Amino acid sequence: MTDEPDVQLELATIACVPQGELAGVFVFPGGPPADTRSIEFSVLWKTSGRGTEDLGVVHFQAWKATDNTLDAMPNPHSFSIKLPPTPWSYDGELIKIHWLARIRIRWGEDGSKAELVRDAEFTLAPVSRS
Amino acid sequence: MSRVGRLPRVNPFSTHFVQPGAIPYQFATPDGLAALARRLEATQGFGEIIGPHGSGKSTLLASLLPALREWQIRHVRLNTTHRRFPNAALRLLGSGWLLAIDGFEQIGPVQRWRVKRHCRRTGCGLLITAHRSMGLPLLHDTRVTPATAANIIRELLPAGSEQTLAGFDVSARLRHHRGSLRDVLFELYDRWEACDSPAA
């Protein structure tokens with residue numbers, strides 16, 4: 001099986017405004033592994049804290065070997081995603097709201113559980129206070 | 001400083017890291033899971049996992065079920081907000097099936113008797129978790145020792161953040177919470193927030 005692939009995910013800014021755009025790029029230096037099964041790119045928010053967790057995906061894009069879309073994936077891949085008005089990033093004591101861009105790559109033979117997830121966290125709020 | 005728009009810091013005691021299944025159940029011996037599977041086989045699939053609230057019964061069940069490959073499993077989770085036993089879960093169960101009920105004491109004694117009788121009559125196994133014995137062969141008691149609790153806490157804490165535990169007596173806190181490791185971890189969640197807060 002292929003060694004763990006190298007993927008870099010970079011955002012143009014980590015402080016975004018509601019209904020603004022999240023721009024960035026991800027790249028597989030040297031290309032994705034030959035036995036890549038799928039690559040997924042998503043932008044999502046999730047909660048963490050003491051209680052039940054929640055999650056919302058605002059953008060999802062996938063390239064798969066099974067439908068021959070993998071070869072068409074640009075590498076590097078630039079993206080610009082329109083963000084929703086809410087929920088705003090929040091760092092509370094009982095609940096936190098995280099925003100992140102996420103790359104997930106699965107590789108190996110069918111049934112293999114080999115996967116790698118890379119996250120790049122950013123904030124969504126009307127006024128940037130990093 | 002406003003908490004809105006701030007990059008949230010990760011609390012190592014948040015639900016994501018401590019929910020059932022997130023922390024592997026810690027046995028005293030390395031072959032704990034395999035030994036439990038063998039014991040359940042020896043009792044024709046009848047057994048109970050007992051222990052106090054928050055001591056890892058659901059975590060153990062979540063770890064054990066995938067190891068029971070000889071059985072077809074129907075898993076029912078009951079708790080204080082979902083107390084009604086789905087009678088449909090009994091349909092079509094028979095030999096080769098294992099009914100796993102997490103929180104068996106949530107249903108009434110008559111329903112418990114019915115479930116046990118149904119499983120005995122049909123040859124279906126019955127594996128339950130409960131706070132006290134429900135009259136099935138004891139498979140495992142999940143009472144948490146202070147040493148196990150300390151191990152789990154150490155594994156959750158990121159390197160270099162041991163100061164969060166300064167003056168925290170794990171043994172005393174475990175006693176205070178009547179053996180509930182979950183409540184100890186909730187307390188540590190709050191302690192982490194207090195230590196990690198910019199206002200602190």
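In what order do the elements of chain B run from the N terminus on? I read them off as α-α-β-α-β-β-α-β-β-α-α-α. That gives chain B 7 helices and 5 strands, where helices (H or I, at least four residues) and strands (E, at least two) are DSSP runs numbered from the N terminus.

A note on conventions: residues are numbered from 1 along each chain as its sequence is written, and chains are lettered from A, ligands numbered from 1, in the order in which they are written. I kept in mind that this is a predicted model, with local features needing pLDDT of at least 70, side-chain atom pairs counting only at pLDDT 80 or more, and totals for chains, interfaces and linings using all residues.

Next I looked at the whole of chain B. Its C-alpha trace spans about 65 × 35 × 30 Å along the principal axes. Of its 200 residues, 31% count as buried (20 or more other C-beta atoms, placed from the backbone, within 10 Å of the residue's own).

Then I turned to the contact between the chains, calling two residues in contact if their C-beta atoms, placed from the backbone, lie within 7 Å. Chain A puts in 22 residues and chain B 14 residues. On the chain B side, helix 1 (15-18) and helix 7 (181-196) are the elements that give two or more residues. Helix 7 of chain B gives the most, with 3 residues.

Last, I checked helix 4 of chain B. I found Gly123(B) following helix 4, with a positive phi near 85 degrees.

Conventions. A residue is buried if 20 or more other C-beta atoms lie within 10 Å of its own, exposed if 12 or fewer, and partly exposed in between; C-beta atoms are placed from the backbone.
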